[in-house]
Amino acid sequence: MTELIQRKLSDSKAARWTALAIVAFTMLCGYFLTDVMSPLKPMLEEELAWTSTDFGIFTSAYGWFNVFFLMLIFGGMILDKMGVRFTGMGACCLMLIGCAIKYAAVAGYIGAEGTIFGWKSQVALASLGYAIFGVGVEIAGITVSKVIVKWFKGKELALAMGLEMATARIGTMLAMAVTVPFAKYFQSVSAPVLLCLIMLCIGTISYMVYIVMDRKLEASMSAEEEEKEEPFRMSDVFLIIKNKGFWLIALLCVLFYSAVFPFIKYATDLMVNKYHVEQELAGFIPSLLPLGTLFLTPFFGNLYDRKGKGATIMIIGAVMLIGVHLLFALPILNEWWFATLVMIVLGIAFSLVPSAMWPSVPKIIPEKQLGTAYALIFWVQNWGLMGVPALIGWVLDTYCKLDTTNGGPAYDYTLPMIIFCCFGIVALFIAVMLKREDKKKGYGLELPNIKQ
Ligand SMILES: NCCCC[C@H](NC(=O)[C@@H](N)CCCCN)C(=O)O
């Protein structure tokens, strides 16, 4: 009987999966706005006279404040000091403010004319909104990671993280699928952004519901458990950055994600230039990638929870990543079906590594430093997400332009694919080092997450 009374709320399956569904929905809304403008590029050019450079400035704004003003790192510290309720709400407010500014700019309510720092006012203000949103959504990402650890540690941690990532990717897929038809239906390029604003309001309400659950979880924790929780101190940051395991995960993260997210931005163009796929159909092959991860990330997460082998899973993922980019680089089988097969293999690699990497962080870093640790990893990762697309664009323009007088392909993608492949090789090297470090320090990366 006493045992029953002392059960934590997270011991209830229904409660912890409900908590996950609620916060994952908030992330879905965030990922929707993150990618909503990409399919709108041609409409922005036609209706608002944006150039590719304007679009490039706007896209890179996502990382400005996170990378240069260290907002993500401050967010992580706030998370460890103030907890998931305060930080999560703050993140939702930043997402809403950012989205509202972006909508007002794209709809022409603000900055319709004139320039700011030499940029069109509309582009500058939309970028400002997106930069504020970028801080919010990334802080929401680390907050939700901490929420999941709070509810699922010692249980189905990797499955829960896999399901959260899969739900968030539905947001990305929605952005790809519904944005253009929605904008065309309402004959307004700003209509999808307004839809995002409404969804973010629902996502914020959803997080408020989570806050109630979080209070109940804490109330259900025994006094002993609460006492064990020491407060976060600034010196903890130094403890994190002195930890070799932390750096190995952060490096693996930036290398692996740099070889996937920036690749996706160019994948449609690769399909046209190398595999001679029709422009209208070329987006279909890369879209298989997020679709596959939807099912495979939770699947591999579940495998990690039950069988362990986290470090090995990351090594296998890195090997597959190298193979994929090598196959895209080599001048063999320039056929659409071959590109499709290789893309499916990339989907498997892109499910393997995240499903094992994110749930491994709590095995290396104590829970009270987790927010800061995730924030530092995201910060390192954001440099790659910001820099690599620019690097590839520059390489394409400088070294890969082909003579198009005969109507042939405009770019030779061999060099960019070799660059992506090199990221994979270094990632493999890091993953092997991580496995060795795990053996030395006994983090338990090869052990199951579910405690029997
Ligand atoms: N529980 C960890 C979740 C991380 C998921 C991961 N997200 C990121 O790495 C973000 N920093 C960047 C997302 C960019 C979205 N276009 C993910 O795999 O999505």
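Colour the model by confidence: in the protein, helix H1 (residues 2-5) has the lowest confidence, at a mean of 45, and H6 has the highest, at 98. The score behind the colours is pLDDT, the predictor's confidence in each residue, from 0 to 100. Helix and strand names follow DSSP runs (H or I of at least four residues for helices, E of at least two for strands), numbered from the N terminus. Where pLDDT is low, the predicted coordinates should not be read in detail.

Since this is a predicted model, local features need pLDDT of at least 70 and side-chain atom pairs count only at pLDDT 80 or more, while totals for chains, interfaces and linings use all residues. Residue numbers start from 1 along each chain as its sequence is written. The mean pLDDT of the protein is 90, with 95% of its residues at 70 or more, and the model scores ipTM 0.96 and pTM 0.89.

**Stop 1: the two domains**

Next, colour residues 12-219 as domain 1 and residues 231-452 as domain 2; these bounds come from an automatic or database domain assignment. Taken over C-alpha atoms, the domain centres are 22 Å apart. Domain 1 puts 35 residues into the contact and domain 2 puts in 37. On the domain 1 side, H4, H5, H7 and H8 each supply at least two residues, and H8 gives the most, with 13. That side of domain 1 divides into 17 nonpolar, 10 polar and 8 charged residues. In this count, Ala, Val, Leu, Ile, Met, Phe, Trp, Tyr, Cys and Pro are nonpolar, Asp, Glu, Lys and Arg are charged, and the others, Gly among them, are polar.

**Stop 2: around the ligand**

Now select the ligand and show what surrounds it: Thr34, Glu138, Gly141, Ser145, Met161, Glu164, Met165, Ala168, Pro354, Trp358, Phe378 and Gln381. Two or more shell residues come from each of H7, helix H8 (157-185), helix H17 (336-364) and H18. Which element gives the largest share of the shell? That is H8, with 4 residues. By class, the shell has 6 nonpolar, 4 polar and 2 charged residues. Both domain 1 and domain 2 contribute at least three residues to the shell.

**Stop 3: helix H5 and its ends**

Buried means 20 or more other C-beta atoms within 10 Å of the residue's own, exposed means 12 or fewer, and partly exposed lies in between, with C-beta atoms placed from the backbone.

Then look at either side of H5. Leu70 sits in the loop between H4 and H5 and has a positive phi of about 55 degrees although it is not a glycine. Leu70 counts as partly exposed because 14 other C-beta atoms lie within 10 Å. Just after H5, Gly83 also takes a positive phi, of about 95 degrees.

**Stop 4**

Select Phe117, in the loop between strand S1 (115-116) and strand S2 (119-120). Phe117 is not a glycine, yet its phi is positive, near 50 degrees. Is Phe117 buried or exposed? Phe117 is exposed, because it has 6 C-beta neighbours inside 10 Å. Further along, Ser121 belongs to helix H7. Leaving aside neighbours within four places in sequence, Ser121 is in contact with Gly111, Glu113, Gly114, Thr115 and Ile116.

**Stop 4: Pro290**

Finish at Pro290, in helix H15 (residues 284-307). Pro290 is buried because 21 other C-beta atoms lie within 10 Å. Not counting residues up to four places away in sequence, Pro290 touches Arg169, Thr172 and Met173. Pro290 and Thr172 are 118 residues apart in sequence, but 8.1 Å apart in space from C-alpha to C-alpha.

Key:
A residue is near a molecule or strand if its C-beta atom, placed from the backbone, lies within 6 Å of it. Two residues are in contact if their C-beta atoms, placed from the backbone, lie within 7 Å.
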